[in-house]
Amino acid sequence: MLQIEHEQVLCLLQSHFPEVSESVGETLTKYLNLLIQWNRGTNLIRFQNSEELLHDHLADSFHLVPWVRKLQPSRWYDIGSGGGFPAIPTALLAEYSGALTLIESRQKKAAFLTYVARSLRSEERRVGKECRSRWSPYH
C-alpha cells in the first residue's frame, strides 16, 4: 500500500521553501495520505507512485505560492478543484488567511474535499458543489 512519509514531503518542501515549518509539512503529509486513501475508490487524480504524486502534483503547486504570498487576496476560488491541487498545498505553503472556496461539480470529489477540509481543520475553507457552468461569484 502506497503511503507518503513525512520526511519525503519535508525534504521536497525545504528544497523549495527553506523557511517552511514542520507543522505545514505534517499537514501536507496528512493531506497527501488522505488523497491516496480516497483515490483508491474515487478517481481523484492520476498517479502511479509516490514520486509522481510528489513531483508532478505537489511540486507543481509551488508555482502559485509566491503570488499568493505577495498578493494575499481576500478571496480565492479554485474551480474544478478535483483532488485539491493546486489550491490546498498552495494555501498551506503561502500561509493563506483569506477565504478559499473549492468548487467541484463531481459529488465524490466534492465529498473528498469536504472531508479534507474537516480533517485538516480548515474552518475558513468552503467546498462548493455547484456545476461550473452555473456558478458565479456574483450570486
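Tyr 31 and Phe 85 are both buried in this predicted model (buried means under 20% relative accessible area, exposed over 50%, and partly exposed in between, with a 1.4 Å probe and protein chains only). Residues are numbered from 1 along each chain as its sequence is written. Local features need pLDDT of at least 70 and side-chain atom pairs count only at pLDDT 80 or more, while totals for chains, interfaces and linings use all residues; side-chain values use heavy atoms, with hydrogens and water left out.

Rings of Phe, Tyr and Trp (its six-membered ring) pair if their centres lie within 6.5 Å; planes under 30 degrees apart count as stacked, over 60 as edge-to-face and the rest as tilted. By this rule there are five aromatic pairs. In one of them, the ring centres of Phe 17 and Phe 62 are 5.2 Å apart with the planes at 80°, so the pair is edge-to-face. Because Phe 17 lies in the loop between α1 and α2 and Phe 62 in the loop between α3 and α4 (65-71), this pair ties together parts 45 residues apart in sequence (helices, H or I, of at least four residues and strands, E, of at least two are DSSP runs, numbered from the N terminus). Phe 17 is buried at 7% relative accessible area, and Phe 62 is buried at 6%. Tyr 31 and Phe 85 also form an edge-to-face pair, 5.6 Å centre to centre with 65° between the planes. Tyr 31 belongs to helix α2 and Phe 85 to the loop between β1 (75-79) and α5 (87-93), 54 residues apart. Trp 38, Phe 112 and Tyr 115 form one aromatic cluster.

Asn 43 is located in the loop between α2 (22-39) and α3 (50-58) and is exposed, at 59% relative accessibility.
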